[in-house]
Amino acid sequence: MAEQQEQAAPDAMMTRIGQVIMLHHGGDREEARSRFLDLWAEIGEDGDPLHRCTLAHYMADTQDDPSDELAWDLRALSAAEELTDGRIAEHHESLAVRAFYPSLHLNLAADYVKLGRTEAARTHLRRARGAVGALGDDPYGDGVRAAIGRLELRLDGDGTSGSGEGPGSLGGPGSSGGPGGETLGPPRRRP
C-alpha cells in the first residue's frame, strides 16, 4: 500500500500543476503565479525533475519581466537535462525527453529576443530546429515547428528584437509578441 501511495505522489503533483495551468489559461495570471511559487517551494530545487521542468516551463508564462521569464525557462531546461525517458514514461508512456527540447529551446530563444540578445536567441533557435525531429506529426508538433519558423523569419528579417524598436517592442504580459500578432514561443502541451 505504501508503494502504491509513493507511485501516486508524482501523478498527484502533476495534477496539481495542471490545475494551476488551467487557472492561468483561464486568465488568472497573478493567482497562477502565486500557486506555482507555492508548488515550487513544495517540490524544492532538488525535487523530481519532471515536476520542476513542467512547473518552470509554465511558470515562465506568468512572468511580467522578460528576465524572470528567462530564469524560469532556464530552470525548465536544467530540469529536463536531469530527466530520463523512464521517468517520463511513468507519467505518460508516449512521451520522450528529446521531445521536450524543441519547445524548451524555442522558449529560450523567444526570451532572448525580448531581452535584445540576438546571438543567444539564434543559438537556442538552432538548437530548437535541430531537435524538431523528436516531435510528432500532430497539431502540437506542427505548432512548435511553425513558431520556430516565425521566430527564424523575425530574426532573419531584421536581426533585432523587432523592426527597429527596442526589446520592449515584443510586449509585456499577455501580449502576443510577434510582428503580426503571433506568439513567439511554442504552444504549450498540457501535462
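Which residue caps the N-terminal end of H3? Select aspartate 48 and leucine 50. Aspartate 48 is the cap: one of its side-chain oxygens lies 2.7 Å from the backbone nitrogen of leucine 50. Keep in mind on this tour that the model is predicted.

**Stop 1: helix H3**

Now select residues 49-59, which make up H3. Eleven of the eleven are buried, so the helix is largely enclosed by the rest of the structure. Among these buried residues are Pro49, Arg52, Leu55, His57 and Met59.

**Stop 2**

**Stop 3: helix H7**

Move to residues 118-131. This is H7, with 14 residues. From first C-alpha to last, H7 reaches 20 Å, close to the 20 Å expected at 1.5 Å a residue. Colour Thr118, Ala120, Ala121, His124, Leu125, Ala128 and Ala131, the buried residues of H7. Look down the axis: they fall within an arc of 155°, so they line one face of the helix. Now turn to the face away from that buried side. There you find the exposed residues Glu119, Arg126 and Gly130.

Stay with glutamate 119, which has a relative accessible area of 55%. Its side chain meets that of arginine 122 in a salt bridge, 3.7 Å from N to O. An α-helix has 3.6 residues a turn, so residues three or four places apart point the same way.

**Stop 4**

Select glutamate 31 and arginine 35. Their side chains form a salt bridge at 2.8 Å, N to O. They sit four residues apart in H2, about one helical turn. Glutamate 31 is partly exposed, at 31% relative accessible area. Arginine 35 is also partly exposed, at 40%.

Next, select arginine 33. Is this residue buried or exposed? Arginine 33 is buried, with a relative accessible area of 12%. Its salt-bridge partner is glutamate 30, with the closest N and O atoms 2.3 Å apart. Three residues separate their positions in H2, again about one helical turn.

Together with Glu30 and Arg33, they are linked in a network of salt bridges.

Terms used. Residues numbered from 1 in each chain as written. Predicted model: local features only at pLDDT ≥ 70, side-chain atom pairs only at ≥ 80, totals over all residues. Heavy atoms only, no water. Buried < 20%, exposed > 50% of the residue type's maximum accessible area, 1.4 Å probe, protein only. Helix = DSSP H or I, 4+ residues; strand = E, 2+ residues; numbered from the N terminus. Polar contact = N/O pair within 3.5 Å; in protein donor to acceptor, adjacent residues only side chain to side chain. Expected span 1.5 Å × (residues − 1). Arc of directions from axis to C-beta. Salt bridge = Lys/Arg side-chain N within 4 Å of Asp/Glu carboxyl O.
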